[in-house]
Amino acid sequence: MLRVLAAVGLGLALTVAAPGLAKSGPRVKLTAIAPAKVAGAGFHAGEVVRVVFVAPGIHKTRRVTATAAGRFSSVYAGVSVDLCASWKLTAVGNAGSRATLRSRIHSCATPPEFD
């Protein structure tokens, strides 16, 4: 009987927690590198989002409005992303939503020549 109650209690706890676990928060991603294109999701419907792209020699800002589904996209015309360099993408909404994406360190050095 105690095992049955424990199993029912655990099942109820997972059922209550599942909606919170299934929801993901604001996120941003780089969808193309030339020109740089950015997409975001998980923001509040109609939220005004300030999207900032920073890389060596580049600091670009765009303001976009999230759709009813909480999505947005933005293009940085004339900006090409160097995947060997470090860069940072930040999206901050006026309702408090926030997402950040940073480049991963890549080993882009030219390999040594063979003798």
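Guide: Two strands count as paired if DSSP finds at least two bridges between them. Keep in mind that this is a predicted model.

Visitor: Okay, how many bridges link strand 3 and strand 4 here, and in which sense do they pair?

Guide: In general, strands of a sheet pair through backbone hydrogen bonds, either parallel or antiparallel. Here, strand 3 and strand 4 are joined by 8 bridges in the antiparallel sense. For one spot to look at, find Val49: its bridge partner in strand 4 is Val64.

Visitor: What is the strand order in the open sheet of 4 strands?

Guide: The order is 4-3-6-7, with antiparallel pairing. Strand 4 (58-65) and strand 7 (98-102) each have a single partner strand, so one side of each has no neighbour in the sheet. From one strand to the next, the twist averages 10°.

Visitor: And the open sheet of 3 strands, what order does that have?

Guide: That one goes 1-2-5, again with antiparallel pairing. Its edges are strand 1 (27-33) and strand 5 (72-76), each pairing on one side only. The twist averages 20° from one strand to the next. Strand 2 (residues 36-41) meets strand 5 through 5 bridges, and Val38 sits opposite Ser74 of strand 5.

Visitor: Which residues touch the most other members of the largest nonpolar core?

Guide: The general idea is that nonpolar side chains tend to be buried together in soluble globular proteins. In this core of 18 residues, look for Val51, Phe53 and Phe72. Strands 2, 3, 5 and 6 each supply at least two of its residues, and strand 3 gives the most, with 4.

Visitor: What is Phe72 in contact with, leaving aside neighbours within four places in sequence?

Guide: Its contacts include Val28, Val38, Val49, Val51, Val64 and Ala91.

Methods. Residues numbered from 1 in each chain as written. Predicted model: local features only at pLDDT ≥ 70, side-chain atom pairs only at ≥ 80, totals over all residues. Heavy atoms only, no water. Axes fitted to C-alpha atoms, helices over the stretch in contact; angles between N-to-C directions. Core = buried A, V, L, I, M, F, W, Y, C linked by side-chain atoms within 4.5 Å. Buried < 20%, exposed > 50% of the residue type's maximum accessible area, 1.4 Å probe, protein only. Contact = heavy atoms within 4.5 Å.
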